[in-house]
Amino acid sequence: MFARIVWLVLRKDFTVEVRSLEIAYTTVFFAISCVLVFAFALVQEGRAPEGGAAGILWVAIAFAGTLALGRTFERERQSDTLRALLLAPAARPAIYVGKLLGIVALLLAAELLLVPLVAFLFQAPLLVRPGWLATVLLTGTIGFAAVGTLFAAMLVRARSRDVLLPVLLYPITVPVIIAGVRGTAALLQPEFDPGIIHFWLALLVCFDVVFVTLALWTFEPLMTD
Amino acid sequence: MPKWFTGAAVLCGLMFAVAPVLIANAPYESTMGLVQKIFYVHLPSAWVFLLSAIVCGVASVRFLFRGDPRQDRLAWAAAELVVLFGLVTLVTGPLWARKAWGTWWQWDVRLTSSLMGWMVAVAYLLLRKYGGPGSDKLGAGLALFGMANVPFVYISVNYWRTIHPATSVVPTLPSSFGVPLWFSAVTFLLLFVLLLRLRVRLQEQHAALDALYLSMDA
């Protein structure tokens, strides 16, 4: 039952999105613009600053993620469909998980474009260890989106939600961003050290577990009027 | 206000007057000299900073699951004190660090996570001020995530190599350093209790005023 509701919510979001592709296009274009701004600012005479690629990749993900989160729930608000969703005889945590998977899928799609772009513009060997990079990106994205989905859902009813989402989201997700950046930076080192990667990955998994558990626990009381 | 408040306020004032004398009379630490005295303000304020974050988090959880507005007022007052004592901690820390480590700021785990906890409290206050209706529950959710940060700050030093002194230093202090430290800690704790009571009372009066307005409209 739980898995079925998750699947239905995910499929609903996917169907709505495929009809217009509004969030996908705007998020991806915004993420690319972010990376280009960094490239204009930091790459001088064809030389990229050392070790900047990992940070820029994650900043672009965090910015684009905030935009996507805001838009996803704005869409639910416009025609008051969030109320309908919450009125449905479905477990609230399942609705949350469905929304979360949608956001994670969208961000992973954006990352598919971002990684080659950052690797190209900042001359970083990001694609040397694709398996490790994919794992770091996946765990980091889940951690970021877990908090983001909860806060964006709660902010639907609040005033000045566009400003408040990043204000609330970034302080909480800073550890995820730090671990993601450090883990990615460790992949770019000439001498590969699996111990360092394991450490940052373990930290990311810890955050994922804590954040998803807290979100599942609080989604129900937070979304109840 | 409760009867104990005035007495406690006078006592707190007296303790704040005596504390500098005790701190001045404590022996000079051999390597740090005068700068070591910052420790007597930094450590107590850091303890109260973490304590306020815990109070804010626990009150928020109780508000979230039981819906008691008194817990919400307590959480809001505690969040203000997180910002206040966090500011004292984050200002005195770099002053000490400049002398001890030769740099104002290090991105080590404890400093980073303290700053993060402080930013969560600032975000909480921004939310409560500008979030409009429904921000009380949202704030409670935020405080819960902020509280998850506190044990992380506390144990971080013991698990990662860092230049910040570990928490095991305090019980080993000789009494010439320990007495002013504990006196200062009790003083800060008393100030925390007083300020918390004062802010909760202010929130209570706001709530009472709102209730009066509502009954007038009806």
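The side chains of E22(A) and R71(A) meet in a salt bridge, with 2.8 Å from N to O, the term standing for a side-chain nitrogen of Lys or Arg within 4 Å of a carboxyl oxygen of Asp or Glu. This pair links distant parts of the chain, since E22(A) belongs to helix 2 (residues 22-42) of chain A and R71(A), 49 residues apart from it, to helix 3 (residues 53-78) of chain A; helices here are DSSP runs of H or I with at least four residues, numbered from the N terminus. This is a predicted model, in which local features need pLDDT of at least 70 and side-chain atom pairs count only at pLDDT 80 or more, whereas totals for chains, interfaces and linings use all residues. Residues are numbered from 1 along each chain as its sequence is written, chains are lettered from A and ligands numbered from 1 in the order in which they are written, and side-chain values use heavy atoms, with hydrogens and water left out.

E22(A) is partly exposed at a relative accessible area of 32%, and R71(A) is likewise partly exposed at 29%, where buried means under 20% relative accessible area, exposed over 50% and partly exposed in between (1.4 Å probe, protein chains only). E22(A) also forms a salt bridge with R75(A), the closest N and O atoms being 3.7 Å apart; because E22(A) lies in helix 2 of chain A and R75(A) in helix 3 of chain A, this pair ties together parts that are 53 residues apart in sequence. Elsewhere in chain A, a network of salt bridges links K12(A), D13(A), E76(A) and K99(A), and over all chains the structure holds 13 salt bridges.

Between chain B and chain A, by contrast, the count of salt bridges is zero. The elements that give two or more residues to the side of chain B that touches chain A are helix 2 (39-66), helix 4 (109-130) and helix 5 (135-159) of chain B. The contact, meaning heavy atoms within 4.5 Å, takes 25 residues from chain B and 28 residues from chain A.

Within chain B, T89(B) lies in helix 3 (residues 69-100) and is buried, with a relative accessible area of 9%. Its side chain is joined to that of S45(B) by a polar contact of 3.3 Å, that is, a pair of N or O atoms within 3.5 Å of which, within protein, one must be able to donate a hydrogen and the other to accept it, residues adjacent in sequence counting only if both atoms are side-chain atoms.
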